[in-house]
Amino acid sequence: MSLPQQLRYESDFDQLPHNIPISATIADIEEKKGFIDYFRFAIEVKTKGGSKYLIYRRYREFFNLHQILEARYSSENPEKPSPNTCVLPTLPGKVFIGNKQEIAESRIPELNTYMKRLLGLPTWFLLDEALRMFFYQTDQDSQHQPRALRRLRPPTRKVKTVKPKMDLFSSPRAEAMFDFRGNSEAELNLKRGEVIFLLQRVNADWLEGTVNNQTGIFPQSFVKIIKPLPETDTEREGEGPTYSCLRCFLLTPLWISLLDVCVQEALTIQPTYKELLSRMRNVFKMDDIALNYRDPEGDLIRILDDEDIQLMIKEGRGQQGKVKRPVNQFPWELHVTLVSDFSVYNTEA
C-alpha cells in the first residue's frame, strides 16, 4: 500500500463512528432449548471506541448475512471489480447431518477467521446496515447471562471450593439417586446417597450445589429434591431463564398419552411450523407424526403451515377465560397423531 493510500485509509477510519465493530471473537457455544434445540455462538465484539460486549448468533444468521452481502457487493466479474464491490471471505457451508454440538465446535475457528476478514474489509464496508445490525447488541443479548466463556477465561483459573455453613433442616438440598461423573472442572462428582446443598438453578435441567466441600453443577435428573430452592425475585422479574409448559396429547389407536413439555420460551412466543414439528419429533422419538389442534367445536384440525399455527394460537387465546390453566402453561394445546391416523380422532374428545 502506498503512503497516500495508507493516509487515506487511516483518515477514513478516524471518521468512523465509535460504535462501529472492528473485531469479533467466539467465546463459547451455548445450547438453546425451546421448540427446537440448537446451538448458538457467544461472540465478544470490540468497537472502534474500545467498548466490548457479547452477542449471541446462530449459524443461520451468519448465512443470511453472507447472502445479503453477496447480493450487494460481489462483483459479477471478479477480474474487473467496481468501486462498490469487494471480495468477501468464504463462509463455511451448511452441514445437514451430524451431532449439532460437534458441528458447532468445529465451526468456531472458521467463523472466527470469517469475522476477522469481514471486519478487515475497506472502511466504507463497515458502515453497511446489515453488517452493523448483525454485530449490534440487542436488549436480548445484553440481558442474557452467558453459561460459560471458555475462550475468554484464563487457563489458570481454579476450581471454586467453599465450606458453607449449612443448616441441615432448612437449607435447600437434594439426595443423589445415581452416581454421576462430571465431564469438566465445573461439574460435581456425585455418589448415590450423598446429600447436595443447592445454591441455584442453572437451567431447566441443571442445578448448582455443594458436596464434600466442592461446588459445581450437576443434572437434576440424577437427584431427588428433598427441599427445593426458593423462587427468586430475579426469576420473577425475568432476569433469569423462564420456562413455559406446552401441553401435548399423543394420540394412537391403542392409547392417549398426555405430556407437558418444558420449553425455554415465553408464553407469548409463536413458533414456526418447522420448529414445532422438529421439537415434537424429538420429544416423542417418532418421525411419521402430524400436528393438530382442536377447534372450539372439538374437531381435530391438521396443522400444515405457519398460518395454521397462528390460527391455533388465536383460537387458544380465545378460550383462555373458559379453560383454567397454570400460569406458566401456553394458552393452546397440541394434539400429535401418526400421519395415517388423522381421521380416527376427528371426533370430539
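Strand 4 and strand 5 (residues 195-201) of this predicted model pair in the antiparallel sense over three bridges. Strands are DSSP runs of E, at least two residues long, and helices are runs of H or I, at least four residues long, both numbered from the N terminus. Two strands count as paired if DSSP finds at least two bridges between them. Ala-174 has Ile-196 of strand 5 as its bridge partner. On to strand 6 (residues 206-211), strand 5 is joined by four bridges, again antiparallel. Gln-200 has Glu-208 of strand 6 as its bridge partner. Strand 5 and strand 6 form a hairpin, with four residues between them. Strand 4 (residues 173-176) also runs antiparallel to strand 8, through four bridges. There Ala-176 stands opposite Val-223.

These pairings belong to an open sheet of five strands, in the order 7-6-5-4-8. Strand 7 (214-219) and strand 8 (223-227) each have a single partner strand, so one side of each is left without a neighbour in the sheet. From one strand to the next, the twist averages 40°.

Numbering starts from 1 along each chain as its sequence is written. Local features need pLDDT of at least 70, side-chain atom pairs count only at pLDDT 80 or more, totals for chains, interfaces and linings use all residues, and side-chain values use heavy atoms, with hydrogens and water left out.

The protein holds eight helices and 13 strands. Of its 349 residues, 38% count as buried (under 20% relative accessible area, with exposed over 50% and partly exposed in between, for a 1.4 Å probe and protein chains only). Among contacts (heavy atoms within 4.5 Å) between residues at least 6 apart in sequence, 59% join residues at least 24 apart.

Strand 1 and strand 2 form another antiparallel pair, joined by 10 bridges. A hairpin of five residues links the two. Glu-31 has Phe-39 of strand 2 as its bridge partner. Lys-32 lies in strand 1. Lys-32 is buried, at a relative accessible area of 8%. Not counting residues up to four places away in sequence, Lys-32 touches Asp-37, Tyr-38, Arg-40, Gln-264 and Glu-265.

The largest nonpolar core has 33 residues. Such a core is a set of buried Ala, Val, Leu, Ile, Met, Phe, Trp, Tyr and Cys residues joined through side-chain atoms within 4.5 Å. Phe-41, Ile-43, Phe-62, Leu-118, Phe-125, Leu-131 and Phe-135 have the most contacts inside this core. Two or more residues each come from strand 1 (21-32), strand 2 (38-47), strand 3 (52-57), helix 2, helix 3 and helix 4 (129-134). Helix 3 gives the most, with six. Apart from this core lies another, of 22 residues, among them Leu-250, Leu-276, Tyr-293 and Trp-332. Leaving aside neighbours within four places in sequence, Phe-41 is in contact with residues including Ile-26, Ile-55, Phe-62, Ile-108 and Leu-111.

The axes of helix 2 (residues 59-73) and helix 3 (residues 100-118) come within 13 Å and cross at roughly 35°. Axes are lines fitted to C-alpha atoms, for helices over the stretch in contact, and angles run from 0 to 180 degrees between N-to-C directions. The crossing is left-handed (the near helix is turned anticlockwise from the far one by less than a right angle). Helix 2 contributes Tyr-59, Phe-62, Leu-65, His-66 and Leu-69 to the contact, and helix 3 contributes Arg-107, Leu-111, Tyr-114, Met-115 and Leu-118. Eight of the contact residues are nonpolar, one is polar and one is charged (Ala, Val, Leu, Ile, Met, Phe, Trp, Tyr, Cys and Pro count as nonpolar, Asp, Glu, Lys and Arg as charged, and the others, Gly among them, as polar).
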